[in-house]
Structures are given as structure tokens and as C-alpha cells.
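Subject: Structure for you to look at

Hello,

Here is the structure I said I would pass on. Please open it first, then read the notes below it.

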Amino acid sequence: MFRRSAGGGRSMALSGLRVLELAGLAPAPLCGMILADFGARVVRVDRAPRSAVATDVQGRGKRSLALDLKRPPGAAALRRLCSGADVLIEPFRHGVMEKLGLGPEVLLHENPRLIYARLTGFGQTGKYAKSAGHDINYVALSGVLSKLGRKGENPYAPLNLLADFAGGGVLCALGIIIALYERTISGKGQVVDASMVEGIAYISSFLWKSQNLGLWNRPRGENLLDSGAPFYETYKTSDGKFMAVGAIEPQFYDQLIKGLGLDSDKLPSQLSFSDWPEMKKKFASIFAQKTQSEWCSIFDGTDACVTPVLSFDDAPLHQHNKQRSSFIKNDQEEISPRPAPLLSRTPAVPSCKRDPFIGEHTEEILLEYGFTQEEIAKLYSDKVIESNKLKANL
Ligand SMILES: C[C@H](CCC[C@@H](C)[C@H]1CC[C@H]2[C@@H]3[C@H](O)C[C@@H]4C[C@H](O)CC[C@]4(C)[C@H]3C[C@H](O)[C@]12C)C(=O)SCCNC(=O)CCNC(=O)[C@H](O)C(C)(C)COP(=O)(O)OP(=O)(O)OC[C@H]1O[C@@H](n2cnc3c(N)ncnc32)[C@H](O)[C@@H]1OP(=O)(O)O
């Protein structure tokens, strides 16, 4: 049913790239996982002494080294690791790395080819640079949260997808790849200051740049794409499921009307804003008359832009997703999305192994980065590193 992830073997786009990811909450782990999926050798630097719980559920394809950065020999060990790495991803608020003596001036001086990626909410400068925050705060500050939500309701943050992942993890990965490309010309590394506020603002450029088109002039929840329009909405079906309707262009809207069994001559024009609330009620009452599967039979194969709203259980089983092997299973039978996008010659080959335990690969990583057995023994005896081959993360 699913294409099992193969792991290893074939050369991938980022094969040979050495990445150090300092353990963080959600955005940096995604960034590291993307690089690992596409072939980079990603080491997650976890805390020592180990925290009681691990919160990284995006450890696919990574190895873990547990290192106490607060102790001078631990910070010195990271400096040494960085001198043999291509990329460092750090997820702390501004000032934390500097306090540890691991700021960019130090690390880039020691390894001028290093890409030093700083993935934060508020960026490295500005009034909030040292403040705590989470996804919702960053979306709010970007201006985008003000646009999200239904009519008459408070702004609504769509899970932590926008800042943590789209504007954070993904854009930081893009920044790293751009800096790596530039390094092939200049031979030099640089700092990537990936602020999630700016990341979200940037990915919402369409919203900013389309304001003069009149798409967003009305209050929140009353516009074309923000649940104001009847033809860009979700509707409940008779079996308690939902259909998603995105019939924007007139020729697609015509097919929607046909599929719903309506006569367009008896309806107001598609863009008659004042009729939208009534049209929504009409569409809702029609969608409520059939099951999701019945609506799929009607709309599949048409250009009406109507699709089922699938649950996490159903999405991997949908015929289209199965045909493209869009979801994969790992050794623990966990299902997750296949890395995207799909490269034709050197696609990502995600690891099918379980995520690493904290400190599982401490020794092998240090050896690989040139530490001697004696140096490693000293780090152990100083309690600067930890090894953990047997215990689970949780
Ligand atoms: C909305 C999201 C957040 C979602 C998170 C959830 C995915 C998870 C949160 C809680 C999890 C659950 C919980 O743990 C319980 C269960 C555990 C179980 O295992 C799994 C199930 C759980 C239910 C579990 C499930 C989930 O995993 C959770 C629900 C976000 O928005 S994330 C984005 C947050 N923002 C940023 O990342 C922006 C940049 N970062 C920051 O602004 C700050 O880091 C932040 C996030 C505000 C945190 O501030 P904090 O004060 O804690 O840290 P920092 O100021 O950055 O400083 C770090 C300090 O740590 C020291 N340090 C770091 N590494 C080491 C090391 N190796 N050795 C020693 N010390 C280290 C560093 O020196 C700093 O020390 P100081 O404070 O003294 O300077």
C-alpha cells in the first residue's frame, strides 16, 4: 500500500553535507529533518544532562549527541564540531549562543565556510529579539493573523503551521541551501538570520501585493479566500464529513453549480457579494443531502474543484495519494508524509528507522569529527557528554 522508505544507498542531493542541529522545539527540528531527508548527515546536539523528556518528534534520519554546552569543555567540543561542519542550526533566542561563547564571530572565525543558521521567532535584532514567544505570537506580529478567521470571530491561528513550519523550518532550510549555493562561488559561509515573523510575512507576499486588487477590502471572513465566498468554503455532508470547495474561476464555478444540481440562470452572479451569505446557506443545505463518498462520485473527474476533506486516517488511503505514494511507513509502522518536492534524479530517501534516542550516537559522532578515544573518555569523566544506546526518548 505504501512505498516503504528505503534509507541510505543511493546518492541524494545533499549527500556529504554535515549539519549540526542544536535541539529545539518544533521549527529547527523540521529544518534538520528536511536536510536529513535529502541526504545530509544531521547530528542533533541534545542536552546533557539529558532532560527528562524529549520533545523532538521530527528526528527522522538524524543521529544524537548529548553534550553540555554550559560547561566550557562542552562549548569547546561544539566549537570543534563546528570547525568540521558545513551547517549549524541554532534555535535559541538571541544572545543565548553569545553567552555560551558560541556566537557567529567565534564560529565563523574558526570555520569561515560554516553556514550559521539562526532560527528564531523575532530575529537577531529589534525590540523583541530577546523575548520568548511561540508560533501564534509570530503570526500575529507579521500581520497575517489579522486576516485569519471567520466573520465576526476572533483571529484564528491554524495550528502552528504558519510560523513554526512554513515561515520557520522551511524558509530556514531554503536560506541554508541558498547560502550553500553561494558558498560554491565565494568559498565563504555566512549567518542566516531566519526570523519566523519575517518568514510568515514573506510567504504571505501575495496577500500584501494583492491588496489593490480588492480581494481583501472587506472585514475578516467576508472576502474571496477567507471563508467569505460560498465557492471557497467547506460544507458538511450527510455522514458528518466535509467537502472542500475551491471553484474560483467562472468555468469551474459553472461545474460546481452543475454538480450541485442547480440552474445558474436562477442564481445571482458568482461575485455578487451581498448574495454570498444566502448562497452559502443554499450550498450547505445541498451538501447536507449526500454522503462524502456520494459527492466524490459526482465531482471526481470534473473541474469543479471539489474534494473531500480527509482525516489523517483517510488521507494515506485515498486513491490519488496511494497512486503517488504520498505517505510512507517507517519500521515502527508510523505513517508520515513523504518528503516533498519530488526530485526526478535524486529524490529524498527518508530513513525508515526510529528517531534517535538522546545521546545514542555520542561516541561515534565524536570519533567521526576527529576526537580521540582519550578525549572522549575525558569528556565522559567530566560529565560533559552522555551516551545512551538503550533507553527510549520518552
Ligand atoms: C507552538 C510551538 C511549540 C510546540 C512545542 C510542542 C511540539 C511541544 C512543547 C511541549 C511538548 C510536550 C511536553 O514536553 C510533554 C510531553 C513530552 C513527551 O515526550 C511527548 C509528548 C508531550 C506532550 C510533548 C509534546 C510536544 O513535543 C510538546 C507539546 C512553537 O511555537 S515552537 C517555536 C518556539 N520559538 C522558537 O523556537 C524561537 C526561538 N527560540 C526561543 O525564543 C526560545 O528558545 C523559546 C522557545 C522561547 C524557549 O525559551 P527558553 O528560555 O526555554 O530557551 P532559550 O532562551 O532559547 O535558551 C535555551 C537555554 O538552554 C540552554 N541549552 C541549550 N542547549 C543546551 C545544551 N546542549 N546543554 C546545556 N544547556 C543548553 C541554553 O544555554 C539556554 O540557557 P539559558 O537560558 O541559561 O541562557
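**Aromatic rings**

Phe231 and Tyr253 are both buried. Please keep in mind that the model is predicted.

A word on how such contacts are reported: a pair of aromatic rings is described by the distance of the centres and the angle of the planes. The count of aromatic pairs in this model is ten. One of them is formed by Phe231 and Tyr253, an edge-to-face pair with 5.6 Å from centre to centre and 80° between the planes. This pair links distant parts of the chain, 22 residues apart: Phe231 is in the loop between helix H8 (205–209) and strand E7 (232–236), and Tyr253 is in helix H9 (residues 250–259).

Phe231 also forms an edge-to-face pair with Trp276, at 5.7 Å centre to centre and with 85° between the planes. Here too distant parts of the chain are linked, since Trp276 is in helix H10 (residues 276–287), 45 residues from Phe231.

Why does Phe231 count as buried? Its relative accessibility is 0%, and buried means under 20%. Trp276 is buried as well, because its relative accessible area is 3%.

**A cluster, and charges over rings**

Ring pairs also join Tyr235, Phe283, Phe287, Trp295 and Phe299 into a cluster. One member of that cluster, Trp295, has Lys290 over its face, 5.7 Å from the ring centre.

Which ring lies under the charged end of Arg354? That ring belongs to Phe357, and the charged end is 3.8 Å from its centre.

Regards

How values were computed. Residues are numbered from 1 along each chain as its sequence is written. This is a predicted model: local features need pLDDT of at least 70, side-chain atom pairs count only at pLDDT 80 or more; totals for chains, interfaces and linings use all residues. Side-chain values use heavy atoms; hydrogens and water are left out. Rings of Phe, Tyr and Trp (its six-membered ring) pair if their centres lie within 6.5 Å; planes under 30 degrees apart count as stacked, over 60 as edge-to-face and the rest as tilted. Helices (H or I, at least four residues) and strands (E, at least two) are DSSP runs, numbered from the N terminus. Buried means under 20% relative accessible area, exposed over 50%, partly exposed in between (1.4 Å probe, protein chains only). A charge sits over a ring if NZ of Lys or CZ of Arg is within 6 Å of the ring centre and within 35 degrees of the ring normal.
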